[in-house]
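This report looks at charged side chains and at one helix. Please keep the sequence and the 3D view open while reading.

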Amino acid sequence: MKQNNKWKYQGDRRYEKVYEKMQLLGIQDITTDRQHKNGTIVWKLPIKDAWHKRCIEVASFSTGYVRNQNSASSNYQLNKTKKQKRYVEMTDYDTGRPVIRTFKDTVRILIPIEIDRLEYLISYCLKNYYIGNANQVANGDYVPKWKHENVLEALGNKLQEKPEVKMIVNGHRYNVSEWFK
């Protein structure tokens, strides 16, 4: 049965800070008991995916990976990457002699410590989901950038049209809007 996983974040200052950030960002820990036994932590963000229209879920795994759980047809890794050379001994077809070939592979940088994965996940979500999707409204509807800019431009034009403001002081009329030109 699913339980409240708040207890996971108590007792250690770094975990408490992660929990505090989760509360501020509206992130829910939806880890099941089975996932908890496997060393997995799953979070549900209050932001909906633009394509599937469901809340984004991210997870931290005891293997060192962090993944997006549902925003694509398959889970994808969020870990940083690095280029790594790989040497393979092969047989040259022309001469029949062994030769060493060099390949460049892209490998994921694993994060072995759980609290480091959780802190990385908070940072990643802030940058890519909260700031990256800042033009989404609270109910999850996506507002295209061009539409947002058109509305801002229309508002800006209205704000530049200054209304005429008149004031009467001691029986004399003054056009106040002329003072601020």
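Four salt bridges turn up in a search of the whole structure. The model is a predicted one.

| Pair | N to O distance |
|---|---|
| E16 and R13 | 3.6 Å |
| D116 and R14 | 2.4 Å |
| E119 and R14 | 2.7 Å |

**The pair within α1.** E16 and R13 join side chains in a salt bridge. They sit three residues apart in helix α1, so about one helical turn separates them. How exposed are the two partners, E16 and R13? E16 has a relative accessibility of 31% and counts as partly exposed. R13 is exposed, at a relative accessible area of 53%.

**The pairs between α1 and α3.** D116 and R14 form a salt bridge, with N and O 2.4 Å apart at their closest. This pair links distant parts of the chain, since D116 belongs to helix α3 and R14 to helix α1, 102 residues apart. D116 is partly exposed, with a relative accessible area of 27%. R14 is also partly exposed, at 35% relative accessibility.

E119 meets R14 in a salt bridge at 2.7 Å, N to O. E119 is in helix α3 and R14 in helix α1, so this pair ties together parts 105 residues apart in sequence. Together, R14, D116 and E119 are linked in a network of salt bridges. In general, side chains of opposite charge can pair when their charged atoms come close.

E119 itself is partly exposed, with a relative accessible area of 28%. Leaving out residues up to four places away in sequence, E119 touches R14 and V18. The C-alpha atoms of E119 and K17 are 9.1 Å apart, although the two residues are separated by 102 residues along the chain.

Helix α1 covers residues 13–25.

Which residues of α1 are buried? They are Y15, V18, M22 and L25. Seen down the axis of α1, the buried residues fall within an arc of 90°, so they line one face of the helix. Their cover includes β1 (28–29), β2 (41–48) and α3 (114–131). On the other side of α1, R13 and L24 are exposed.

Both ends of α1 have a local feature. At the start, a side-chain oxygen of D12 comes to within 3.0 Å of the backbone nitrogen of R14. Just after the helix, G26 adopts a positive phi of about 75°.

**A buried arginine without a partner.** R67 belongs to strand β4, residues 66–68. R67 is buried but has no salt bridge. How far away is the nearest side chain of opposite charge? That side chain is E57, and the distance is 13 Å.

Conventions:
Residues are numbered from 1 along each chain as its sequence is written. This is a predicted model: local features need pLDDT of at least 70, side-chain atom pairs count only at pLDDT 80 or more; totals for chains, interfaces and linings use all residues. Side-chain values use heavy atoms; hydrogens and water are left out. Helices (H or I, at least four residues) and strands (E, at least two) are DSSP runs, numbered from the N terminus. Buried means under 20% relative accessible area, exposed over 50%, partly exposed in between (1.4 Å probe, protein chains only). Lys and Arg count as positive and Asp and Glu as negative; His and the chain ends are not counted. The expected span of a helix is 1.5 Å times one less than its number of residues. The arc is that of the directions from the helix axis to the C-beta atoms. Contact means heavy atoms within 4.5 Å. A polar contact is a pair of N or O atoms within 3.5 Å; within protein, one must be able to donate a hydrogen and the other to accept it, and residues adjacent in sequence count only if both atoms are side-chain atoms.
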